[in-house]
Amino acid sequence: MNRVFITGMGVISAIGNSVAENQLGLLHGTCGITKGTRLSTRYSGLLPFGEIAANDEALKEILSVTDPGVTRTTLLALHACKEAIADAGLTGAQLLSPDTAFIGATTVGGMCLMDELYNDANNPANNSAFAPFYDCASVNMYLQKYYRLSGIVNTINTACSSSANAIMYGARLLRNGLANRVIVGGVDSLSRFTINGFNALHILSDEHCAPFDKDRKGLNLGEGAAFLVLEKEADTNGKKVYAALSGYCNSNDAYHPSSLSENGDGPFLAMNGALKMAGLGSTEIDFINAHGTGTENNDEVESRAMIRLFEEPPAFASTKSNTGHTLGASGAIEAVYSVLNLVNQEVYPALHFKEPILATRLTPVQVHTKKQVRHVMSNSFGFGGNCSSLIFSKAG
Amino acid sequence: MFFIHQTSCISPQETFSNVKMDLLHVSVHNKLLAIEPAYTGVAVGVLRRMGKASRIGMGTAMRLIQEGAAPDGLIIGTANGGMEESIRFLKQIIEYHEDMLAPGSFVQSTANAIATQLSMLTKNKGYNITHVHKGLAFENAVIDTAMLLMENPGNTYLLGGVDEIASYNYIIEHTAGWYKKEYTSNQDLYKRNSAGTIAGEGAAMFLVNNKKEQAIAELTALTTLHSTDKELISGQLKAFLKKNVPSGESINLFLTGENGDARDADLVASCESAFGNETTVARFKHMCGEYPTASAFALWLACYLPIDQPLPEHMLKKQGTTNKNRTVLIYNYHKNVQHSFMLVTKFK
């Protein structure tokens with residue numbers, strides 16, 4: 001079967017506004033998480049967030065967007081899309097063509113404007129320009145119109161694994177002949193809605209998150225977007241190719257709405273399924289970009305599932321210590337980071353780690369290391385037990 | 001694409017336990033609310049925590065899972081799943097000034113609550129996904145399911161579309177003119193010459209696989225469009241028919257998502273003009289109301305309608321000369337911009 005290649009990438013996160021800036025941030029161990037947010041929340045100054053420096057006005061100016069009612073979530077998505085589309089060299093004719101699909105993921109969508117939604121619903125006589133755009137689909141419907149796309153367009157929401165599933169869905173459209181090129185990814189922006197939700201669950205840390213550390217206190221929320229262009233191997237003759245998407249699997253943990261089962265059945269099944277699809281043995285994975293949120297539950301269960309599958313897990317780390325947890329964007333942002341591991345033949349350090357978890361004793365990569373990287377696994381696990389793993393491999 | 005073996009539907013009409021097609025429940029205040037059955041097989045505590053979209057999704061799905069084989073995956077389309085719980089949590093944030101919040105509504109507010117609660121209730125560790133692309137959320141769930149069956153030909157999947165009327169969405173969409181300003185009964189939905197429609201909700205589920213034996217129907221083709229250009233849409237309909245209907249054959253039943261919004265009259269008329277006298281034209285939105293995944297209700301209806309019996313009078317727009325409902329083309333659209341065609345061949 002035709003291999004699926006990555007031919008373009010775009011990303012914006014708390015550590016940079018482009019793929020190049022993000023790569024430098026990872027290389028230097030930059031932490032983009034700071035106390036305070038421009039959002040008007042009682043937790044500003046109290047909790048750290050992975051916030052993108054550019055405000056909405058700055059983003060609109062960079063993107064030349066003048067339409068009213070465009071949310072921050074949509075602006076971030078457009079920013080990453082523009083980079084990915086230019087990087088892949090997609091032509092205007094290709095974008096217009098019905099064999100180009102667009103699959104985006106988001107969990108917050110227009111709900112980043114929680115207060116505007118509340119006001120519009122309670123004050124119908126005086127609705128804001130954002131009124132039609134509070135749902136998740138509004139982001140990708142804007143992009144569909146912006147690029148005048150005519151192929152399959154979709155929005156996926158499986159909580160924190162949303163954009164890993166968007167990447168899978170796009171790859172499957174290629175393999176099943178329903179598209180010849182796909183633009184896939186995800187976005188989420190910070191919102192009082194998610195800040196309060198995760199805070200009510202007592203899983204936000206008041207310090208920098210420390211994935212896989214014994215004394216980890218929880219996650220930090222972040223924001224960002226990433227998009228990738230995928231094409232079939234046969235269509236990439238002479239084109240720049242970053243890597244292949246060689247395996248993927250979606251499984252459900254079927255255990256609890258907001259925590260993973262003790263032995264990590266969902267994570268195990270997702271990782272194992274992706275390995276099988278890629279036709280790889282467990283010793284052939286050189287690096288894992290772990291889900292690693294920094295919560296008590298996730299990191300221990302993910303460790304246990306990695307030990308179950310690999311016995312001696314390969315080098316791993318979580319880039320959420322750089323960007324914060326970007327929810328529906330994290331799978332796509334970390335897909336870009338996994339591809340950077342392959343392209344640059346290097347692994348990036350986990351931040352804020354001190355001592356391993358007693359029960360599992362796994363230590364993430366702590367220094368930037370040049371090494372041979374042939375296959376990288378990227379994990380994304382979401383509320384509701386939605387677990388997905390992707391495997392990226394060197395194209396050559 | 002695939003064969004449909006079992007179906008289940010909770011809607012504003014009698015579609016769940018004892019289906020009564022001739023009876024039409026009347027809308028109240030321009031809304032058609034789904035009639036909930038007494039749910040069985042789920043603990044009261046679990047039920048109490050669920051929003052309505054989760055309950056009706058669970059109720060329709062559990063019937064199929066209890067009656068049939070365990071599916072290999074759960075594929076749900078929903079635009080507003082979890083929305084009412086989101087609103088509940090949002091009100092708490094604002095009214096309690098972000099302090100001392102209970103996380104229950106937040107956990108239930110994610111759109112994937114329907115599919116994932118089903119996986120927990122039935123211990124289903126297979127493929128699990130939630131498509132939320134508004135008026136094409138169910139269509140993307142269909143595409144996903146069709147791909148899964150190309151990849152895993154022996155498997156069986158549970159496919160569904162679910163939405164509820166969320167209070168904030170209703171207010172905002174009403175303000176924007178998507179619902180009728182004047183009192184309108186669903187019985188008179190197509191008689192008014194005014195803008196807007198009436199709101200609705202429902203859940204429809206399907207057990208599907210690649211086996212023709214014993215199947216109720218086959219979904220043979222699907223296409224999706226994003227456009228406000230009625231010429232382009234009717235042109236695409238003709239191309240779809242040319243590609244998917246063998247020459248010399250015709251569609252028995254054209255089932256449209258006409259919703260009483262006078263602004264769409266030209267669009268619907270230009271699509272109807274693609275068919276000759278042999279084709280019956282019928283409508284369904286007076287039964288379920290307008291909601292983003294109403295096409296799932298239409299697919300349930302296409303599966304349920306007997307091949308050799310006349311349609312209920314309230315559905316009929318134009319009786320064709322064929323008098324059969326063997327081949328059904330469903331045309332649905334949402335807010336002018338999202339459109340889909342689904343072609344169904346019935347066996348039962």
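A crossing of two helices is left-handed if the near helix is turned anticlockwise from the far one by less than a right angle, and right-handed if clockwise. All the views come from a predicted model, in which local features need pLDDT of at least 70 and side-chain atom pairs count only at pLDDT 80 or more, while totals for chains, interfaces and linings use all residues. Residues are numbered from 1 along each chain as its sequence is written, chains are lettered from A and ligands numbered from 1 in the order in which they are written, and side-chain values use heavy atoms, with hydrogens and water left out.

**View 1. α8(B) packs on α9(B) with a right-handed crossing.** Here α8 (residues 230–244) and α9 (residues 265–272) of chain B have axes 9 Å apart, at an angle of about 25°. That makes the pair roughly parallel. (Helices are DSSP runs of H or I, at least four residues, and strands are E runs of at least two, numbered from the N terminus; axes are lines fitted to C-alpha atoms, for helices over the stretch in contact, and angles run from 0 to 180 degrees between N-to-C directions; under 35 degrees counts as roughly parallel, over 145 as roughly antiparallel, 65 to 115 as roughly perpendicular and the rest as oblique.) K230(B), I233(B), S234(B) and L237(B) from α8(B) touch D266(B), L267(B), S270(B) and C271(B) from α9(B), contact meaning heavy atoms within 4.5 Å. By class, that's four nonpolar, two polar and two charged residues. (Ala, Val, Leu, Ile, Met, Phe, Trp, Tyr, Cys and Pro count as nonpolar, Asp, Glu, Lys and Arg as charged, and the others, Gly among them, as polar.)

**View 2. α9(A) and α10(A) sit oblique to each other.** Over in chain A, α9 (residues 265–278) and α10 (residues 296–310) pack at about 40°, axes 9 Å apart. Their crossing is right-handed. Among the residues that meet are F268(A) and M271(A) from α9(A), with M306(A) and L309(A) from α10(A). The contact has eight nonpolar, one polar and two charged residues.

View 3. Contacting residues include F193(A) and A200(A) on α8(A), plus F89(B) and I93(B) on α3(B).

**View 4. E151(B) and R172(A) form a salt bridge.** The N to O distance is 3.0 Å; the rule wants a side-chain nitrogen of Lys or Arg within 4 Å of a carboxyl oxygen of Asp or Glu. Across the interface of chain B and chain A, six salt bridges turn up.
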